[in-house]
Amino acid sequence: MGLFDLFKKKKKDEKMRKYELGMKKTRQGLMGKLKAILSGYESINEDLFDDLTDAFIMADIGVETTLDFIDALKEDERVKGINSVSELQPIIVDKMFELYLKGEIVNNNLNIQKEGLSVFLFVGVNGVGKTTTIAKIAYRLKKEGKRVLLAAGDTFRAGAVDQLEIWAQKVGVDIVIKKGATDPSSVIFEALQKAKKEHYDVLLCDTAGRLQNKVNLMKELEKMNRVIAREVENAPHETLLIIDATTGQNGLSQAEAFMEVTNITGVILTKLDGTSKGGIVLAIRDKYNLPIKMIGLGEKMEDLEYFDLEDYIGGLFIGDEEE
Amino acid sequence: MPFESLSEKIQFSLRKLTGRGKVNEKDIEDAMREIRVSLLEADVNYKIVKEFINEVKVLALGEKVMKSLTPGDQVVKIVYDELVKLMGDEAVPLNLKKAGMSVVLVVGLQGSGKTTHVGKLANYLRKNNKLKPLMIAADIYRPAAINQLVTIGKQLDIAVFQMGILTKPQTIVKKGLEYAKDNGYNLVLIDTAGRLAIDEALMQELVEIKEIARPDEILLTVDAMTGQDAVNVAQTFHEKLNITGCLLTKLDSDTRGGAALSIRYMTKIPIKFTGLGEKMDEIDVFHPDRMAKRILGMGDVLTFIEKAQETFDEEQAMKMAKKMQAGRFTYNDFLDQIKKIKKMGSLKGLLALIPGIGSQIKNLNIDEKRFVYIEAIIGSMTKEERNNPDLINKSHSRKSRIANGSGRSYQEINALTKQFEEMRTQMKALMNMDEEQMEKISKGQASMPNMPAPKVKKGKGKNKGGFRF
């Protein structure tokens, strides 16, 4: 029994429903596509593979990753002697899992220390949803009984500090703000001192959005990272790269550049409630081995879920038969 | 080589054809395959890529190319022409009223840069169209979105109309427009909340705002880094609102920006403006032909010249040239130049516009802070020293004093004075050159006086010589 069959039997829980709401369009789009492609062919041929390539490309799963994937699929077809189109579908899904898992058990839990302070740093380009994601994580951790402190480290964008401050009030967590500060490292430093002194469990550090090709801004981020590492042992315990689901191939460049200046531990994929598939995270995993930790599915503070590969690929390719 | 720009990729695939004499059908096929992958990696929609390749291929296989002595150049020209065609032949201006109040509605997905670009656009139109702008803050959903616009308004000294977050956006817009009419504003820009194109309720809100505001222009902001979904997003917004133009933001990233091509081609919505940074003056009119040249690595000379013209007036430039020629260039002049260059935008952004440099500076780290240090150093010089650079050159005590005053190291002062001297010599040489010599330099056949010849990168094809047509 392939993983594909497991899906049909899987009982849908709350989380799955949320995915469905969020990714309904996605699923209709791609599953419809995949099914339409496969049902359009009586035998496996080059045109079928071309169509599959297009479907992958359309989901923003990187070009290189897609081409490798299709090559591997062709190889499978040859080696295993598959000759009917219906046999191909479960193999595609299984290979998608393989592409992400690579034979590993991928841990997507947030690395919270059993004792002492955990520091998380959030990075990414402009407009991907860093501040909102921090609010969502603060909300989740608070619900789990953690004492959470926020550091308003986006000292650049107009209104960014206010935005996080409003979220802090809504969620009911403390925040460190340094009015008029221009050096984000100094804000982070202050927050670190407060978090240590007053025994917070988790410190979430917001940073300004920065394009990965801006050298000075990347250096600034490097410095923030250094300050955290100096003040708290083994910190930052998570450095999370926020990627917008609408992002295309540039996501790869983002991952590479941010990995150069910080120790990225995982990706958070935001805005997955839209029509975009965010397939670039599969390429990011494929090329840079970065796991996807969480996904954002809306603008409310509850709209954040741990990444679930089965659900994600389910959202990408598998829908109910009757739909 | 995953991160080459589209221009580099296309250049590479076409370079194989350039200067090789006769080509056969297989050569063209190979080049097309590379262009295909390259365009896909640039996030051009896969459907468009197919059509584009088919069109280029038919043209490339034509007799003119096959029999030409310079088939490579011909193919390059075809690709360029098709790219221009794909993006619309010419720049499309904003729809603004000749007289009376114009209204611009700005819409888009979350995080695409609406608020920032409402500010940039207001600033741009105030300066270039001599309009009196009012910005309406109608994003009541994202926390602090209104504060953000208010802050930008303060920075630019442009009025912002807001009613807090408890009033419906439709009402805010209505009252805002009344306020604008009553107070003599002739340009109104409406900032709206980011929303998903599939969010029925919020899209309905925009439809209602549109009815109230009757905008002359509805601009959709699109992040230049958007992937394949760009077309869907633009199409959905277009269906509901009849978008009149696109504003392509974050084009200062290293994205290849294929979304621009896709949107224009699939929806016919013209791209009207591009956002090129976080500073309020980093916005430019979108020129399809220049963009095509840029994609092909031919540089965007016109934008560069326009930017330069904005900051340097001719008379000043002549005066400066004379000074350079006579070797009388002083620290004051230098400071002046730095300030002007800074006014034109980031140095790297500027350099990228120059033909032949674009692809070379990709990995070049330009520390823009160096300007600040230089300004500090010059600031610590006395009036006499600034006008007579020779005073500093041999005086240890003067250098020490400047180092102390500017907070920079003695070595840095030394380095600067040395650089300055070299620069003066170079300028003198450059200004006294004849036309023929100048021509050679601009063609890259000769090196600048007193400068090492440009290093030729060794490697597979990439950056190995250029092409032109």
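Because the model is predicted, local features are reported only at pLDDT of at least 70 and side-chain atom pairs count only at pLDDT 80 or more, whereas totals for chains, interfaces and linings use all residues. Residues are numbered from 1 along each chain as its sequence is written, while chains are lettered from A and ligands numbered from 1 in the order in which they are written.

Chain B contains 22 helices and eight strands, these elements being DSSP runs numbered from the N terminus (helices, H or I, of at least four residues; strands, E, of at least two). Of the 469 residues of chain B, 40% count as buried; a residue is buried if 20 or more other C-beta atoms lie within 10 Å of its own, exposed if 12 or fewer, and partly exposed in between, with C-beta atoms placed from the backbone. Among the contacts in chain B with a separation of 6 or more, 74% are made by residues 24 or more positions apart, where two residues are in contact if their C-beta atoms, placed from the backbone, lie within 7 Å.

The strands of chain B form an open sheet of eight strands with mixed pairing, in the order S3-S2-S4-S1-S5-S6-S7-S8; two strands pair if DSSP finds at least two bridges between them. Strand S3 (159–161) and strand S8 (283–285) of chain B stand at the edges, and because each has a single partner strand, one side of each is left without a neighbour in the sheet. From one strand to the next the twist averages 25 degrees, axes being lines fitted to C-alpha atoms (for helices over the stretch in contact) and angles running from 0 to 180 degrees between N-to-C directions.

Within this sheet, strand S6 (residues 245–249) of chain B is mostly covered, with four of its five residues buried. Strand S5 (residues 217–223) of chain B runs parallel to S6(B) and is joined to it by five bridges, and Asp223(B) stands opposite Thr249(B) in S6(B). The chain passes from S5(B) through H10(B) to S6(B) in a right-handed β-α-β crossover, a crossover being right-handed if, with the strands pointing away from the viewer, the path from the first strand over the helix to the second runs clockwise. On S6(B), parallel pairing with strand S7 (residues 271–275) of chain B extends over three bridges, with Leu247(B) opposite Phe273(B) in S7(B). Helix H11 (residues 258–267) of chain B carries the chain from S6(B) to S7(B), and this β-α-β crossover is also right-handed. By contrast, S7(B) and S8(B) pair in the antiparallel sense over three bridges, Asp284(B) in S8(B) being the bridge partner of Thr274(B).

Helix H9 (residues 200–213) of chain B lies across strand S1 (102–108), strand S2 (133–138), strand S4 (187–192) and S5 of chain B, at about 175 degrees to S1(B), while H10(B) lies across S1 and S5 of chain B, at about 165 degrees to S5(B). Phe237(B) is placed in helix H10 (residues 230–241) of chain B and counts as buried because it has 24 C-beta neighbours inside 10 Å. Neighbours within four places in sequence aside, Phe237(B) is in contact with Val107(B), Ala197(B), Leu220(B) and Ile243(B). Thr171(B), in helix H8 (residues 169–182) of chain B, counts as exposed because it has 12 C-beta neighbours inside 10 Å.

The domain assignment, which comes from an automatic or database source, divides chain B into domain 1 (6–86), domain 2 (102–287) and domain 3 (304–432). The contact between domains 1 and 2 of chain B takes 10 residues from domain 1 and 13 residues from domain 2. On the domain 1 side, H2 and helix H3 (46–60) of chain B are the elements that give two or more residues, and the residues of this side divide into seven nonpolar, one polar and two charged; Ala, Val, Leu, Ile, Met, Phe, Trp, Tyr, Cys and Pro count as nonpolar, Asp, Glu, Lys and Arg as charged, and the others, Gly among them, as polar.

The contact between the chains takes 38 residues from chain B and 36 residues from chain A. Helix H2 (25–41) and helix H7 (145–156) of chain B each supply at least two residues of the side that touches chain A, and H7(B) gives the most, with five residues. The residues of this side of chain B comprise 14 nonpolar, 14 polar and 10 charged.
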